[in-house]
Amino acid sequence: MRNCFQINPLKIAVIFITAFSTNAFPQNGEVLFKTKCASCHTLGDGELIGPDLSGVTQRHPEPWLMEFIRSSSTMIKKGDAAAVAIFEKYSKKEMPDPKIADNEITEVITYMKKFSGAGDVVNVSNSTSQSGTSAITENMKPVTSEPTITMNSQTINTGLMYFTGEKRFTLKGPSCVTCHHVRHDSVILGGALAKNLDRITERYNEKALLNLIANPPFPAMSVAYQDKKITEEEAVSLVAFLKKSTENYAFQRPADKQFRFLYTGLAGMLLFFLLIPLVWSNKKKS
Amino acid sequence: MSDTFLFAIFPYLAIAIFLVGSIYRYNSNPYKFSSLSAEFLEGRQLYWGTMPFHIGISFLFLGHLIAFLFPNTLIAWNSQPVRLIILELSAFVFGLSCLIGVFMLFKRRLMTKRIRVVSNYMDYIVLGLLLIQIISGLWVAFFDRWGSSWFAAVLTPYLRSLFVFKPTIDAVQTLPLSIKLHIISAISIIAIIPFTRLVHFLVPPINYIWRDYQQVIWNKKG
């Protein structure tokens, strides 16, 4: 009977490495582009946070593109002239490493080759997806026209409520305060997992912010809102709120709640230690 | 060590070691399938170590389990800032209690001669891993807030992807080092359970709750 449990750990490791290596699940270039690139780049619809990538495969050789996509920051540090020029042109914002395998980068480049210039642009939203990818590519059309953000008090307050979670998103995604902090008197101490959004509209324009919310390029945010996309209307009110919080940044004086949290926690622990012998007084202590 | 190994392969290795090791140990030495309590050798420090540790870890384990099983309910609960703060503060208090408890247990094992004699190196490894686990958890709770919400939104999909044998580690790869350390130490603890006193976790004395009444009379007061 015991022989049933005699398992060779080396065999198990080989099976798992083969089966679960990320390279074992390459995705097609279109899906990868839409999930990893589309929040900052378009293919023929103009600039967002980064450049329009139609014709990029003609502007740069493929090995250069491979290296740049793999880690643009490394190329900038090495002083590559073209990489530095892009960095300088786009407000010195480094492109985050997409953390995808080389074969997947090749797929993205192959997909981008279809968009050799303005005249050859394929309609991204209508292009045929491979089976199983339709769910991923839904609702991912980038915002390319200049958005209209109505800065009235109702929109701003709705944005505030979406941000704090007081009002739930239609598809029940987590509120922004879960991971982000923004300096605002009416916002509790925000999360610290993701970027601090203080004065965010000074760093990103409205179009870019709407794209970041609609198609988050950050893997954690992308997972959090998978199947729970924030609607366009919700995104607009969030951007209105963030714009207002940037304008009012200097006038906000929220209390420092970080250390209040620590002190309350320590006080709670002391109380807990006092309660232990009261509740479990019959347990033998020596 | 690559993230692919740590977050897509190591969890399965840990579960395999846990299952095979537990069955082997139960078959080979069933009478040692317990916490090997040393309460009769020293009781006072044990009380102040084990009580806060066990109460704290039980609540924290339950909290993580709820976030895994009912992520949407947890996100809905946390949508009200007051409820979020209450939940996070409670978890922080239990985490601090765990830390003090493990520290007391570590001190007892190192400093009490009678306990040191009956200790083996695995006891120290367990306590060391528990310390790493709790300190990284407290670090996350304080510096990478609000874990109860983003656990449900980001880590639950990762854990579920492991259960359906399609590990998706994109999000986990980008998390701060403290969270990665917390995950890896948790997986390591699962792997070493069969080789340590932690096997008592698998044989909780549930029948203790409804067993017949017994009167215990100590022959010495104290």
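**Figure 1. Salt bridges in the predicted model, with a close-up of A:Lys243 and A:Glu206****.** Counted over all chains, the structure holds nine salt bridges, and the values given here come from a predicted model. In the pair shown, A:Lys243 forms a salt bridge with A:Glu206, and the closest N and O atoms lie 2.5 Å apart.

**Figure 2. The interface of chain A and chain B****.** The contact draws 51 residues from chain A and 57 residues from chain B, and the area buried between the two chains is about 5100 Å², with carbon and sulfur atoms giving 75% of that area. Across this interface the rule finds zero salt bridges, whereas seven residue pairs are found in polar contact, both residues of each pair being at pLDDT 80 or more. On the side of chain A that touches chain B, helix H1 (9–20), helix H12 (219–224) and helix H14 (257–279) of chain A each supply at least two residues, and H14(A) gives the most, with 13 residues. By class, this side of chain A has 28 nonpolar, 14 polar and nine charged residues.

**Figure 3. Helix H1 of chain B and its bend at B:Ile9****.** Helix H1 (residues 3–28) of chain B has 26 residues and reaches 35 Å from its first C-alpha to its last, which is close to the 38 Å expected at 1.5 Å a residue.

**Figure 4. The cis peptide bond between B:Arg145 and B:Trp146****.** A cis peptide bond joins B:Arg145 and B:Trp146, with omega at about -10 degrees. B:Trp146 is found in the loop between helix H6 (121–143) and helix H7 (147–163) of chain B.

**Figure 5. The backbone at A:Lys172****.** Phi of A:Lys172 is near 65 degrees, a positive value in a residue other than glycine. A:Lys172 is found in the loop that runs between helix H9 (153–164) and helix H10 (200–203) of chain A. Most residues other than glycine have a negative phi, and most peptide bonds are trans.

Conventions: Residues are numbered from 1 along each chain as its sequence is written. Chains are lettered from A and ligands numbered from 1 in the order in which they are written. This is a predicted model: local features need pLDDT of at least 70, side-chain atom pairs count only at pLDDT 80 or more; totals for chains, interfaces and linings use all residues. Side-chain values use heavy atoms; hydrogens and water are left out. Contact means heavy atoms within 4.5 Å. Buried area is the accessible area (1.4 Å probe) that two parts lose on being put together, summed over both. A salt bridge is a side-chain nitrogen of Lys or Arg within 4 Å of a carboxyl oxygen of Asp or Glu. A polar contact is a pair of N or O atoms within 3.5 Å; within protein, one must be able to donate a hydrogen and the other to accept it, and residues adjacent in sequence count only if both atoms are side-chain atoms. Helices (H or I, at least four residues) and strands (E, at least two) are DSSP runs, numbered from the N terminus. Ala, Val, Leu, Ile, Met, Phe, Trp, Tyr, Cys and Pro count as nonpolar, Asp, Glu, Lys and Arg as charged, and the others, Gly among them, as polar. The expected span of a helix is 1.5 Å times one less than its number of residues. The bend at a residue is the angle between axes fitted to the seven residues ending there and the seven starting there.
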